[in-house]
Amino acid sequence: MKLHQFRVVDMLKCFLKRELVLMGAAITIKEIERIDVAIKTVNQDLRDYHWLANYLEIYDSADYDGTPATATYGEDAAMPKAKYKVTDVTYNQAVRKMQAHERYEHYRNRVFRLEIAMSSLEDERERLVIELYAKRVTLRRIGEILNVSKQMVFKIKERAVQKLALYYLKRYIE
């Protein structure tokens, strides 16, 4: 086992292990790795939520259009173009738009997945901590809002992340 898996096992002792035992399952290394992936995915989605939501707002607010792939005037237009590459401006722009739309769909799915998982949290404090943390509010500031210490906010966040990881395991992670 790797060092990070021991940390996961420690985190799972109080919550996830009890859930798995209640389901009648023995914890194997494969299951621990799945849980580790779920926790990492939740943490990554929480860290990325702010800029993902901003990207989606920008994409939705305007006709997201890229710059032309080839210079059409000036000194750059006279320079030699790359060989064996399609230089049709319309084709390249269509490809860029398709790639941007695929990226948009991927980001939208990540945001939607996290928002659904956050709404599944039953404890109001956990939900508030996760929502504020996703919006880039510091743990210290969240503690001031809730009138608890930074360490307590961290514990609440970790407990909520474990619950979100369970939600992700049930629905999204193979």
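Which residues in H3 meet Ile130, Tyr133 and Ala134 in H6? I opened the notebook with this, and found that Leu46, Tyr49 and His50 are the H3 residues in question, where a contact means heavy atoms within 4.5 Å. By class, the contact of H3 with H6 has five nonpolar residues, one polar residue and no charged residues; here Ala, Val, Leu, Ile, Met, Phe, Trp, Tyr, Cys and Pro count as nonpolar, Asp, Glu, Lys and Arg as charged, and the others, Gly among them, as polar.

**Ground rules.** I am working with a predicted model, in which local features need pLDDT of at least 70 and side-chain atom pairs count only at pLDDT 80 or more, while totals for chains, interfaces and linings use all residues. I number residues from 1 along each chain as its sequence is written, and the side-chain values use heavy atoms, with hydrogens and water left out.

**Overall fold.** I noted eight helices and zero strands in the protein, helices (H or I, at least four residues) and strands (E, at least two) being DSSP runs numbered from the N terminus. Read along the sequence, the pattern is α-α-α-α-α-α-α-α. Of the 174 residues, 33% are buried; buried means under 20% relative accessible area and exposed over 50%, with partly exposed in between (1.4 Å probe, protein chains only). Among contacts with a separation of 6 or more, 73% join residues 24 or more positions apart.

**H3 against H6.** I then looked up the geometry behind the opening entry. The axes of H3 (residues 29-61) and H6 come within 8 Å and cross at roughly 55 degrees, the axes being lines fitted to C-alpha atoms, for helices over the stretch in contact, with angles from 0 to 180 degrees between N-to-C directions. H3 and H6 are therefore oblique to each other, since angles under 35 degrees count as roughly parallel, over 145 as roughly antiparallel, 65 to 115 as roughly perpendicular and the rest as oblique.

**Aromatic rings.** I found four aromatic pairs in the structure; rings of Phe, Tyr and Trp (its six-membered ring) pair if their centres lie within 6.5 Å, and planes under 30 degrees apart count as stacked, over 60 as edge-to-face and the rest as tilted. For Tyr59 and Tyr104 the ring centres are 4.3 Å apart and the planes stand at 20 degrees, so this pair is stacked. The pair links distant parts of the chain, with Tyr59 in helix H3 and Tyr104 in helix H5 (residues 89-119), 45 residues apart. Both Tyr59 and Tyr104 are buried. Ring pairs also join Tyr59 and Tyr104 with Trp51, Tyr55 and Tyr107 in a cluster.

**Helix H7.** Which residues of H7 are buried? In this helix (residues 139-146) I listed Leu139, Ile142 and Gly143 as buried. They cover an arc of only 105 degrees around the axis, which puts them on the same side of H7; the arc is that of the directions from the helix axis to the C-beta atoms. On the other side of H7, Arg140 and Glu144 are exposed. The buried residues of H7 pack against helix H6 (124-134) and helix H8 (150-171). Ile145, also in H7, is partly exposed at 43% relative accessibility, and its C-alpha atom lies 9.8 Å from that of Val129, 16 residues apart in sequence.

**Loops on either side of H7.** I checked two residues other than glycine with positive phi. Arg136, in the loop between H6 and H7, has phi near 70 degrees and is exposed, with a relative accessible area of 53%. Asn147, in the loop between H7 and H8, has phi near 60 degrees and counts as exposed at 70% relative accessibility.

Is Glu126 buried or exposed? I found this residue of helix H6 to be buried, at 1% relative accessibility. Leaving aside neighbours within four places in sequence, Glu126 is in contact with Leu121, Ile156, Arg159, Ala160 and Lys163. My last entry is Arg171 in helix H8, which counts as partly exposed at 49% relative accessibility; the C-alpha atoms of Arg171 and Arg113, 58 residues apart along the chain, are separated by 9.5 Å.
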